[in-house]
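Try each task before reading its solution.

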Amino acid sequence: MMTDHQTIDGLRSGRLGRRLVFGMLVAVLLCGGHPTTLGAATPAPEYDWKVGAASAVITPSEPMWLAGYAARNKPSEGKIHDLRAKALAIEDPQGTHLVIVTLDLLGISRAVRDRLETEVTRGYGLPPEGLLINVSHTHCGPVMRETRYSVYGNTLYGLSPEDVKRCQRYADGLQETLVQLVGQAFKDMTPATLSYSHARAGFAMNRRARVEDDYQIQPNPDGPVDHDVPVLRVDGPDGELRAVLFGYACHGTTLNFYKFCGDYAGFAQEVLESSHPGAVALFVAGCGGDQNPYPRRGPRSLEYCGEHGRALANAVEAALTARARPLAGPIRAAIEEVTLDFAAPPDRQTLEQQIESKNTYERRHAQALLDELEETGRIASTYPYLVQVIDFGDDLTFVGLSGEVVVDYSLRLKAELTGRPLWVAGYCNDVFGYLPSRRVLQEGGYEGGGAMVYTPLPGPFAPSVEQRVIGKVHELIDKVRVSEGQ
Ligand SMILES: [Zn+2]
């Protein structure tokens, strides 16, 4: 469609022009378009929500190790663009609050979530279920581990004690920034409407390819994907887009160099904010644990990254064009732990063999487990897994899962929970490692259990993992809907 104002004005100046304009209108009608002058009048929206948005730069001020790839061997060298933390504070028509914090980081630990939760409960009266944190999983953000590795002097990335202290300083500074950011978002709250729509983007591809008897990280065009791009839009009474929260299920792994960068999600947010001056764009990572952006890496990786960002931003624009579903509220949220069992851990004898391993990570992992055994007399057999559910009345349900969630979870939940739009996010609140489905666990490979060697956790989950998580999601949804009287 031609939309350039000057071009249309130019065409209007002559008879041929009038014919062309008429022809274009006919074409619009035949193509199913809705020229606004011919559309049915819609009732004026009621601005009975209040929403505030805030954004802060969280790029480290000094070089730091970059998180996500074990193969990196030196700290960061500059940046492509700034990493950001953003907060969206929402008050529903009944006065219930929800704050969504998004971060251009690889992950956050449960400790970071708990500290922020304590601060915002104390400072702003926000209940725990009203705080959702999501990370984009960019692999060009700083390492900020707070795990047993550093406690036992045995770090995942082989960091020096000085590097570990730098990570701690960064984590402490981030904490302060986030508390202030939430405060700013609350202060910014003004009347708004909320609505939901969605579109699709196609650059995520399943990355679990069967190679002989194993599963390796390679593009698998036949594997499951979730190309949905859910979009929550916030409009002010002046008709301006004030904020847009959007999601996608894909790893932030287009790039693997040594510069700070938000990967495709960082570019998508940048594109949207420059197309909508004054609006804050917030990215929410979906269940992309087994999804990679393709093409990726190599000498053209930055170009690919910008293109993926543009593709995602275009999908968001497409969703903004579509008729959106207004959200009426109320917000009803719940956050609870479900206990996940690990498979039986290796015994002491096996661990003692593994500390002689040639594989550095296997050696460090075995040592961490032996240290744990020494210190506590046992190796943890369960994990307290966080599940969060947020209902926006009967117009939208948001499920926030922790960890690197594989795509089977969002596909299964979307098949089971029909009747209203469902948004399933991974990488929420506690990014401890991968959350495999039963299928992925049985198949094995990196997301099935192989990646546990990069965490302080003992090893793969037990086969009950998927049912426990799905069961908890259903339980929490039933709980919030009962409280809505639905
Ligand atoms: Zn990952």
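**Exercise 1. Cysteines**

Does C261 count as buried or exposed?

*Solution.* First, a word on the model: it is predicted, so local features need pLDDT of at least 70 and side-chain atom pairs count only at pLDDT 80 or more, while totals for chains, interfaces and linings use all residues. Residues are numbered from 1 along each chain as its sequence is written, and side-chain values use heavy atoms, with hydrogens and water left out.

Step 1: take the accessibility cut-offs, where buried is under 20% relative accessible area, exposed is over 50% and partly exposed is in between (1.4 Å probe, protein chains only). C261 has 0% relative accessibility, so it counts as buried.

Step 2: search for disulfides, meaning pairs of cysteine sulfur atoms within 2.5 Å. The whole structure gives 0. For C261, the nearest cysteine sulfur belongs to C305 and sits 5.0 Å away.

Step 3: repeat for C428. This cysteine is in no disulfide either, with the nearest cysteine sulfur, that of C287, 8.5 Å away. C428 is also at 0% relative accessibility and counts as buried.

**Exercise 2. The zinc site**

Which residues coordinate the zinc ion, and which parts of the chain does the histidine pair tie together?

*Solution.* Step 1: list the donors, which are N, O and S atoms within 2.8 Å of the metal (3.2 Å for Na, K and Ca); water is not among the atoms, so sites may look incomplete. Here you get NE2 of H137, NE2 of H251 and OE of E404, at 2.0 to 2.1 Å.

Step 1: read the spacing along the sequence, which is H-x113-H-x152-E.

Step 2: Helices (H or I, at least four residues) and strands (E, at least two) are DSSP runs, numbered from the N terminus. H137 is in the loop between strand 4 (131–135) and helix 4 (148–151), and H251 is in the loop between strand 10 (241–248) and helix 6 (263–275), so the pair ties together parts 114 residues apart in sequence.

Step 3: check accessibility. H137 is buried at 2% relative accessible area, and H251 is buried at 1%.

**Exercise 3. Contacts across the chain**

What does Q291 touch beyond its sequence neighbours?

*Solution.* Step 1: locate Q291. You'll find it in strand 12 (residues 291–293), buried with a relative accessible area of 0%.

Step 1: count a contact when heavy atoms are within 4.5 Å. Setting aside residues up to four places away in sequence, the partners of Q291 include D226, A249, C250, H251 and V407. H251, one of these partners, is also a zinc ligand.

Step 2: turn to V389, in strand 15 (residues 382–392) and buried at 0% relative accessible area. Among its contacts beyond four places in sequence are R332, F398, L476 and V480. V389 and V480 are 91 residues apart along the chain, yet their C-alpha atoms are separated by 8.0 Å.

Step 3: zoom out. Of contacts in the protein chain with a separation of 6 or more, 79% join residues 24 or more positions apart. The chain has 486 residues, 55% of them buried, and holds 13 helices and 19 strands.
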